[in-house]
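Dear colleague,

Please find below the structure that I was asked to pass on to you. My notes on what was found in it follow directly after.

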Amino acid sequence: MQTNIQAETARRRTFAIISHPDAGKTTLTEKLLLFGGAIQTAGAVKSNKIKKSATSDFMEIEKQRGISVATSVMTFEYDNLKINILDTPGHKDFAEDTYRTLTAVDSVILVIDCVKGVEEQTERLMEVCRMRDTPVIIFINKLDREGRNPFDLLDELEEKLNIRVRPMTWPVNMGSEFKGVYSLIEKKLYFFKVNKTKVEDDVLPIELEDSLLDQKVGDRDAAQLREDVELIEGVYDTFDRQAYLDGKLAPVFFGSAVNNFGVKELLEGFCDISPEPIARPTDKREVLPEEKNFSGFVFKIHANLDPRHRDRIAFLRICSGVFERGKFYHHTRLDKNVRFASPFSFMADSKSVVEEGFPGDVVGLYDTGTFKIGDTLTEGEELQFQGIPSFSPEIFKELVNLDPMKSKQLDKGIQQLTDEGVAQLFTLELGNRKFVGTVGELQFEVIQYRLENEYGAKCRWVPLNYTKACWITAENPVKLAEFIRLKGNQIAYDKDQNPVFLAESDWMLRMNQQNNPDIQFHLTSEFK
Ligand code: G4P
């Protein structure tokens, strides 16, 4: 069994594609699935974006939830590897879902729009990747558009994302004059054709000095490519895989996802260099994937679509050993044993019951309320996986019960929804009042809608003036208690009873930091 675990682990690649909305994440996902043979036609992967106009369209939210369950994990085989793509929500209001999904992957592909460069959400996503040094491959997309100069883009990536980059392919012109990409590794030229439906590229092995290059792309573009490559070789070090695996260096590929272009090189590059499942930290020790005993953690919980059944789907990332259907596992937070009669795995657009899963795999577990985000299952060992942080919300609203007869339902509903990670629940130090914090307005609508539909409870929201919630600690517990006492109305507790400081502005936060050097303020809950 042990060698089987090792062999199966070595062939798993579990990653997420991330981007600022509209850069081309959905399109790239679909093209990768086409190459992997997991889907046969373009258009099979629905965009899981909620368009801005649909903010109040609850049917749209419901549809979105349906789509995103089906595409939460997309698995395909390529080159004898089992590739698991974990989907992340496109809408920025669901960014925290994305951050959590990033805790369950071993690497990411970051998509950049060559016209827009690094955008706001790109920076935030990269910050999360940097927290655990996740290896990143960058795909610069939409080369069929008149984009920015590729060298400027690379400079911007290094500067704004605080990571070294190394081009692996290089574009020959762009926009209407886009000729293709030159693979700096393979020394091959891939010719671009608009709207290709087939998945093979026209490719020519060609040395840069060869005059054939001039014939194929024209004298001007050939000269420019030679000049660019000379500059690249002079400026950038040769690709260092270890630096990539350590999260210090991002290899960069260029292409046009919608035209199926550059995607195969990206996929093959990914298969060559991306990490297999890695060791994961717990509160006790590091867990290695090849260990005999199974362990895993829940990184996402999804409510079922049918409001009459409140069962949910918990997504479990397997970290070590073999997960087997019907076997009892230890739920370490609840200290009880649980088993799953029909765990399922995901294919591109369907799910099916699985008998076993290996490190790197994600299994879906039907859950009737036993799981919270971050829960750990083991074969008996008492440990808890770490690294599933909460992030400071940005919008805060107090929950007001509109139907006193239903306060029990409201309490249960809000507890369960916050267990799912839809939003964070806090209780104010003064008056024991409950309020909710999110990163986007949309979650408040989702919560209100779901409380009513699934729990029969009605609520309304009263906006609060805060813009940040920082977890606070101090080396000296007396200082912390003193601070909490002094700041009474700005102190609340999260669901695990950790104290947080509520700031009305960044300025207010900075003032408090300056004036209270004994107190540490943390923007994520992961600070131990
Ligand atoms: P997202 O998931 O990152 O939000 O982006 P998505 O793939 O939905 O792509 C956003 C838009 O960019 C889509 O157009 C898509 O067709 C387009 N796109 C993706 N790759 C390329 C590319 O290589 N070149 C060009 N020119 N466009 C690209 P849309 O108009 O929003 O949607 P659709 O009607 O085309 O589906």
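In these notes, Ala, Val, Leu, Ile, Met, Phe, Trp, Tyr, Cys and Pro count as nonpolar, Asp, Glu, Lys and Arg count as charged, and the others, Gly among them, count as polar. Sorted in this way, the shell around the ligand holds 4 nonpolar, 7 polar and 6 charged residues. Please bear in mind that this is a predicted model.

Of the 17 residues around the ligand, the ones that come nearest are Asp22, Lys25, Thr26, Thr27 and Ser256. Helix α2, which spans residues 25-35, gives the most to this shell, with 3 residues.

Taken alone, the ligand exposes 700 Å², and the protein buries 68% of that.

A further finding concerns two helices, α11 (residues 407-419) and α12 (residues 441-455). Their axes come within 10 Å and cross at roughly 125°; α11 and α12 are therefore oblique to each other. The crossing in which α11 passes α12 is right-handed.

Yours sincerely

Conventions. Residues numbered from 1 in each chain as written. Predicted model: local features only at pLDDT ≥ 70, side-chain atom pairs only at ≥ 80, totals over all residues. Heavy atoms only, no water. Near = heavy atom within 4 Å. Areas by Shrake-Rupley, 256 points an atom, 1.4 Å probe, with all protein chains shown as cover. Helix = DSSP H or I, 4+ residues; strand = E, 2+ residues; numbered from the N terminus. Axes fitted to C-alpha atoms, helices over the stretch in contact; angles between N-to-C directions. Parallel < 35°, antiparallel > 145°, perpendicular 65-115°, else oblique. Left-handed = near helix turned anticlockwise from the far one by under 90°.
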